[in-house]
Amino acid sequence: TKDKVVPISQSKGMYDLLVKSGIDAEYVEIPGAKHGFTGPELSTTNNKTIQDNLNSFLQETIQR
């Protein structure tokens, strides 16, 4: 939510277009995350959320 490289509105817009096009997509906001999911203010919970989502994506991709 603190990305200054890609505004959150662009991320939401990309997600909306993917879904509208029939592409399976998931949108997750990470409070306090900067571009590349960095930031010393990220909590352990937020870091775990990022890791869990990436792991899930990779597992689904490998199984295809």
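What percentage of the 64 residues in the chain is buried? Buried residues make up 9% of them in this predicted model.

**Figure 1. Overview of the chain.** The secondary structure consists of two helices and zero strands. Helix H1 covers residues 8-20, and helix H2 covers residues 44-63. The C-alpha trace spans about 35 × 25 × 15 Å along its principal axes. The accessible surface is about 5,200 Å², and carbon and sulfur atoms account for 56% of that area. Of the contacts between residues at least 6 apart in sequence, 39% join residues at least 24 apart. There are 7 positive and 8 negative side chains, with the centres of the two sets 6 Å apart.

**Figure 2. The aromatic pair Tyr15 and Tyr27.** The chain has one aromatic pair. The ring centres of Tyr15 and Tyr27 are 5.8 Å apart and the ring planes stand at 45°, so the pair is classed as tilted. Planes under 30 degrees apart would count as stacked and those over 60 as edge-to-face. Tyr15 belongs to helix H1 and Tyr27 to the loop between H1 and H2, so the pair ties together parts that are twelve residues apart in sequence. Tyr15 is partly exposed, at 27% relative accessibility. Tyr27 is also partly exposed, with a relative accessible area of 27%.

**Figure 3. The salt bridge between Lys12 and Glu29.** Two salt bridges are present in the structure. In this view, the side chains of Lys12 and Glu29 meet at 3.5 Å, N to O. Because Lys12 lies in helix H1 and Glu29 in the loop between H1 and H2, the bridge ties together parts that are 17 residues apart in sequence. Lys12 is partly exposed, with a relative accessible area of 37%. Glu29 is partly exposed at 38% relative accessibility.

**Figure 4. The salt bridge between Lys48 and Asp52.** The closest N and O atoms of Lys48 and Asp52 are 3.1 Å apart. Both residues lie in helix H2, four residues apart, which means that about one helical turn separates them. Asp52 has a relative accessible area of 38% and is partly exposed; the range for that class runs between 20% and 50%.

**Figure 5. Lys20 in helix H1.** Lys20 lies in helix H1, which covers residues 8-20. Its relative accessible area is 73%, so Lys20 is exposed, the cut-off for that class being over 50%. Lys34 is 14 residues from Lys20 in sequence, and their C-alpha atoms are 27 Å apart in space.

Methods. Residues are numbered from 1 along each chain as its sequence is written. This is a predicted model: local features need pLDDT of at least 70, side-chain atom pairs count only at pLDDT 80 or more; totals for chains, interfaces and linings use all residues. Side-chain values use heavy atoms; hydrogens and water are left out. Buried means under 20% relative accessible area, exposed over 50%, partly exposed in between (1.4 Å probe, protein chains only). Rings of Phe, Tyr and Trp (its six-membered ring) pair if their centres lie within 6.5 Å; planes under 30 degrees apart count as stacked, over 60 as edge-to-face and the rest as tilted. Contact means heavy atoms within 4.5 Å. Accessible areas come from the Shrake-Rupley method with a 1.4 Å probe; for residues, only the protein chains shown count as cover. Lys and Arg count as positive and Asp and Glu as negative; His and the chain ends are not counted. The place of a charge is taken as NZ of Lys, CZ of Arg, CG of Asp or CD of Glu. A salt bridge is a side-chain nitrogen of Lys or Arg within 4 Å of a carboxyl oxygen of Asp or Glu.
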